[in-house]
Amino acid sequence: MSVLRIEKLIKFLKERFESDTPSLVNDYRKPIYVEDDITVLYAPSWNYIEIFGISDEEFERVMKEAKGY
């Protein structure tokens, strides 16, 4: 997997969101990022995102870096 694709995703998330919330129900979501086999869906009614197409390790890195931990 390319490290650059994760860095691009982290930059995108940092520029647009202060935090994220995992999806627990089937809310209306729209794609806001579709690049490098990664898709981010945004639920505007509830202000959360879902990320698809990355590994568990990549997800941990994205959450750590995009949320500023």
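Contact is defined here as heavy atoms within 4.5 Å, and axes are lines fitted to C-alpha atoms, for helices over the stretch in contact, with angles running from 0 to 180 degrees between N-to-C directions. Helices (H or I, at least four residues) and strands (E, at least two) are DSSP runs, numbered from the N terminus. The model is predicted, so that local features need pLDDT of at least 70 and side-chain atom pairs count only at pLDDT 80 or more, while totals for chains, interfaces and linings use all residues. Residues are numbered from 1 along each chain as its sequence is written, and side-chain values use heavy atoms, with hydrogens and water left out.

The model contains an open sheet of three strands in the order β1-β2-β3, with antiparallel pairing; two strands pair if DSSP finds at least two bridges between them. Because β1 and β3 (48-52) stand at the edges, each with a single partner strand, one side of each has no neighbour in the sheet. From one strand to the next, the twist averages 20°. Five bridges connect β1 with strand β2 (residues 38-43) in the antiparallel sense, and Tyr33 has Val40 as its bridge partner in β2. Strands β2 and β3 also run antiparallel and are joined by five bridges. In this second pairing, Ile49 of β3 is the bridge partner of Tyr42, and Ala43 stands opposite Tyr48 in β3. Four of the five residues of β3 are buried, leaving the strand mostly covered; buried means under 20% relative accessible area, exposed over 50%, and partly exposed in between (1.4 Å probe, protein chains only).

Helix α1 lies across β1, β2 and β3 and runs at about 145° to β1. A single aromatic pair is present in the structure. It is formed by Phe12 and Tyr33 and is tilted, with 4.8 Å centre to centre and 45° between the planes. Under the criteria applied, rings of Phe, Tyr and Trp (its six-membered ring) pair if their centres lie within 6.5 Å, and planes under 30 degrees apart count as stacked, over 60 as edge-to-face and the rest as tilted. The pair links distant parts of the chain, as Phe12 belongs to helix α1 (residues 3-16) and Tyr33 to strand β1 (residues 30-35), 21 residues apart. Phe12 is buried at a relative accessible area of 10%, and Tyr33 is likewise buried, at 7%.

The hairpin of β1 and β2 has two residues between the strands. Asp36 lies in this loop and has a positive phi of about 55° although it is not a glycine. Asp37 is also placed in the loop between β1 and β2, and its phi is near 65°, again a positive value in a residue other than glycine. In general, most residues other than glycine have a negative phi. With a relative accessible area of 34%, Asp36 is partly exposed, whereas Asp37, at 72%, is exposed. The hairpin of β2 and β3 has four residues between the strands, and there Asn47 takes a positive phi near 55°.

Arg5, in helix α1, is buried at 6% relative accessibility. Its side chain makes polar contacts, a term that denotes a pair of N or O atoms within 3.5 Å; within protein, one must be able to donate a hydrogen and the other to accept it, and residues adjacent in sequence count only if both atoms are side-chain atoms. The side chain of Arg5 reaches the backbone oxygen of Asp36 at 2.8 Å, and a polar atom of that side chain lies 3.1 Å from the backbone oxygen of Gly53. Not counting residues up to four places away in sequence, Arg5 touches Tyr33, Asp36, Asp37, Ile38, Gly53, Ile54 and Glu58.

In helix α2 (residues 56-66), the buried residues are Glu58, Val62, Met63 and Ala66. These residues cover an arc of only 135° around the axis and therefore lie on the same side of α2; the arc is that of the directions from the helix axis to the C-beta atoms. Elements covering the buried residues of α2 include α1 and β3. The face of α2 turned away from its buried side carries the exposed residues Asp56, Glu57, Glu60 and Lys64.
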